[in-house]
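Student: Could you walk me through the salt bridges in this one? I'm new to it.

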Amino acid sequence: MSNVTVEATNMLPILKKKLAFLSGGKDRRSGLILTIPLSSDQTSMEELSATLDYLLSIPSDKCKARGFTVIVDGRKSQWNIVKTVVLMLQNVIPAEVSLVCVVKPDEFWDKKVTHFCFWKEKDRLGFEVILVSANKLTRYIEPCQLTDDFGGSLDYDHNDWLNKRLVFEKFTKESTSLLDELSIINDSDKNSAVDKEKSADCALLPSFDPETVLQTGHELLSELQQRRFNGSEGGGGQGAWCPMEEELLAQPQVMKLLDSLREQYTRYQELCRQRNKRTQLDEIHAKVMQVVTWLQGPGSELLKTQQAIGDSMRAAQALQQKHEEIESQHSEWFAVYVELNQQIAALLSAGEEEEVVELKALQQQLSDVCYQQAAQLEGRQNVLQAAQGFHSTTQELSQLLDGLLGMLCADVAPADGASIQQNLKLLEEKLQTVEAGLASLRQKGALLMEQMCTQPSWPLEETESPPGEQQDNVQHIQAVMEEMQLRKQRCEDMVDVRRLKMLQMVQLFKCEEDALQAVEWLGELLDALLKTHVRLGDDSQETRTMLDKHRKFVDVAQSTYDYGRQLLQATVVLCQSLRCTTRSSGDTLPRLNRVWKQFSVSAEERQQRLELALNFHTAAERVRQVLQQERVDPESLDEVDSSGKTLLDRLTMPVIFPDGTEQYFGSPSDTAAAAEGVRERLLLVEERRLQLQEMRLHNDEEEEEEEEEEEEEERTGQESIAKQETSYQH
């Protein structure tokens, strides 16, 4: 293949115009078909000449020897341009052109002129020129070798061809340059030993990435082989396969370049491996010593200076942040340690005997230092976490104590006993929370001191922190716990005082509530006395029973009144104890006295009425008994009448309270019913007296009749005796 002096990249705008192209089709002599599609626009002969020069530089000399068949598509152009193009072929490729087929339009130019001109120039041109219509072009070229512009079946994509051409040229350029560089690098290493400094020089790096260039070449070769396979499938004959990949895109050259590139790249990789192997040990040793030096030097010094635990949560957080910065610095070196450990393990597995001892020693030294430093970091982290927990609990406990103290210092002005109970419950809960917080603080403090005592020690300690610093930390922890204990004890004392005061207030509210309840109960007793205690009984026995119940009823009222008085007296005492000058019994005592006086007057009136009723019923019953014995005493009858009338008059009178108000017992109907019972009893006694008088009259008459009968019988008996004596005498 001839060397390409012009690259497609340099004339890409011209090639994109598709002024001429090699479609890959062949004529019957296996010559390549060069197509020049003329357009209606004015065609630049310079650009067309440059395009032809580039296209004719692609095929090999062997391919050129078979000659070209040029198809000049003049269907959209003028005859003068076609003629100029044909004449230009004589200057560009006269020896390679075998046949020029000028495709004429349907309305063709003057046949006589055109035919005469071409015939005249035949000997001078050196190739045959024929005029043919597009549908008759198959007389000279097989349809499978023609593109669809001429009614053929050959596929041709100019943009695809151009892209492949750019890739091919790029690969050829890069691979050739890379081969030269790799050859120089490999030969230089073979001829002379490279020292360690030069082995790491950038001159050993080629200009192009071999992997990328190889991948590009394989992709290009795979594409070329695939297109060839597809072309031979669709061609249908020996001369029908697409030659673009083998002759135009130089598939053998790609394969040759790939083979050479793989060979040189393999040698280069081996060279790099050997050089890396020589330098890797030195690099590992240097890195190991760098890690060990930093960890034993600056890293250890950073940790040794961090022994404080802070005196507050903020200070502990600042120490934690500082420790995290130190950990971050150590993490970078630990990452280097992990990487070095992996590298050493890989080298040990390679089985290099002369290096095993040194590598194991380096690995052991590195591991010992890293594990020791990691243990110190972990111990410090544990101390800081315990310190944060201790300070956090201290802060929370302090806030709880402040809240409890604020609650204790606030004045207690509850509205009722329920709110006092709620406040007392809240106070107890806060105190329990404080006790739990103090217990947690003691636990956190013990844990912190334990963590401080169990920190790993430094080997060959020379700059150990003074014992005073550790002792100061312990004393600070103990002082904080003692302070919290004292604050908690003071709050407990204040809670005891507040609890007693609140319990007294609960008792005060309870006494006030019970006193009001006593007033209500006494009022209910008064209401019941006036509304329901109206009956006087139907006889002395019932009245006497009612009188006993009334006395008990009065006793209950008296107990209720005394209970209310005692509660009010207790209220006064509690107010004096609590120094609660703003509170007093208010109107409760006057209400209690007023209701009690009203009840006392009503109860006295009720008792007097019951006593009058008892006297009335007793007298009435006595009179009735006398009447039955027919021994009546007029004074007794007068007594019954007098007591009954007095009772009836008393029933019509209201109860007059001390404030001048009046109140009647029961309703008028209840009073009338009670009075009616008294009247009925009076009438009954009167009727019994009248009956007794009648009985006395009747008894007198019967006695007289009996006396007369007795006298008659006596007289009759005497006469009978006299008659008997007379008869005896006779």
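Tutor: What follows is a short talk about charged side-chain pairs. This is a predicted model, in which local features need pLDDT of at least 70 and side-chain atom pairs count only at pLDDT 80 or more, while totals for chains, interfaces and linings use all residues. Residues are numbered from 1 along each chain as its sequence is written, and side-chain values use heavy atoms, with hydrogens and water left out.

Student: How many salt bridges does the count come to?

Tutor: The count comes to 17, where a salt bridge is a side-chain nitrogen of Lys or Arg within 4 Å of a carboxyl oxygen of Asp or Glu.

Student: Where do Glu169 and Arg165 lie?

Tutor: Both are in helix H7 (residues 158-191), four residues apart, about one turn of the helix, and their side chains form a salt bridge at 3.4 Å, N to O. Helices are DSSP runs of H or I with at least four residues, numbered from the N terminus.

Student: Is Arg165 buried or exposed?

Tutor: Arg165 counts as buried because its relative accessibility is 1%, and Glu169 is buried too, at 10%. Buried means under 20% relative accessible area, exposed over 50%, and partly exposed in between, with a 1.4 Å probe and protein chains only.

Student: New topic: which parts of the chain does the pair Asp402 and Arg487 link?

Tutor: The side chains of Asp402 and Arg487 meet in a salt bridge of 2.7 Å, N to O. This pair links distant parts of the chain, with Asp402 in helix H13 (residues 353-409) and Arg487 in helix H15 (residues 467-532), 85 residues apart. Asp402 is partly exposed at 42%, whereas Arg487 is buried at 16%.

Note on methods: Helix = DSSP H or I, 4+ residues; strand = E, 2+ residues; numbered from the N terminus.
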